[in-house]
Amino acid sequence: MPVSSLSTVGSIAYHLFEIFPGLPDGVSGNLVIIADMARQHVENYTGTTIGSNSIDARYQPAIEFFAKADVVDLVNAQAGGESISLGDLSISETGDAMSSDAYRTLGEMALRTLGKAYRFDQALS
């Protein structure tokens, strides 16, 4: 359910920061850009103008889901399968802990419910 506090690109970025704790600097430093790119994707799909500081509640879920998917993809891209050993403690990171597929699917479903704006012109000849 959309929350009115997600009505700006900055508030979506902050929301992403809160729900994905411990983001690498390369991702967390770009959350506003990630959220804005998701906004632009929804804007391009729907054919309507969506302001970065006045996001209507009906667009918020799609923007949020696409931004979450992008964050997960970037986190996984930075996970290089590191293996750390300290004495008897061994930690192996494969980078496969999260998947963006679910978020992207939710975003696509939210986009389909919004529909597209079509414009028909009639030629006079």
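1. Let's start in helix α3, where R39 and D36 are three residues apart and so sit about one helical turn from each other. Helices here are DSSP runs (H or I, at least four residues), numbered from the N terminus. The two side chains form a salt bridge at 2.8 Å, N to O; the term means a side-chain nitrogen of Lys or Arg within 4 Å of a carboxyl oxygen of Asp or Glu. Both R39 and D36 are buried, that is, under 20% relative accessible area, with exposed being over 50% and partly exposed in between (1.4 Å probe, protein chains only). E43 joins in too: D36, R39 and E43 make up a salt-bridge network.

2. A word on the source: this is a predicted model, where local features need pLDDT of at least 70, side-chain atom pairs count only at pLDDT 80 or more, and totals for chains, interfaces and linings use all residues. Residues are numbered from 1 along each chain as its sequence is written, and side-chain values use heavy atoms, with hydrogens and water left out.

3. Next, look at R104. Its side chain meets that of D73 in a salt bridge (2.7 Å, N to O). D73 belongs to helix α4 and R104 to helix α5, so this pair ties together parts 31 residues apart in sequence. R104 also has a salt bridge with D70 (3.3 Å, N to O). D70 is in helix α4 as well, 34 residues from R104. D73 is partly exposed at 34%, as are R104 at 27% and D70 at 23%.

4. Overall, the count is six salt bridges.

5. Finally, S54 lies in the loop between α3 (31-46) and α4 (60-78). S54 is exposed at 52% relative accessible area, and its C-alpha is 5.5 Å from that of S7, 47 residues away along the chain.

Methods. Helix = DSSP H or I, 4+ residues; strand = E, 2+ residues; numbered from the N terminus.
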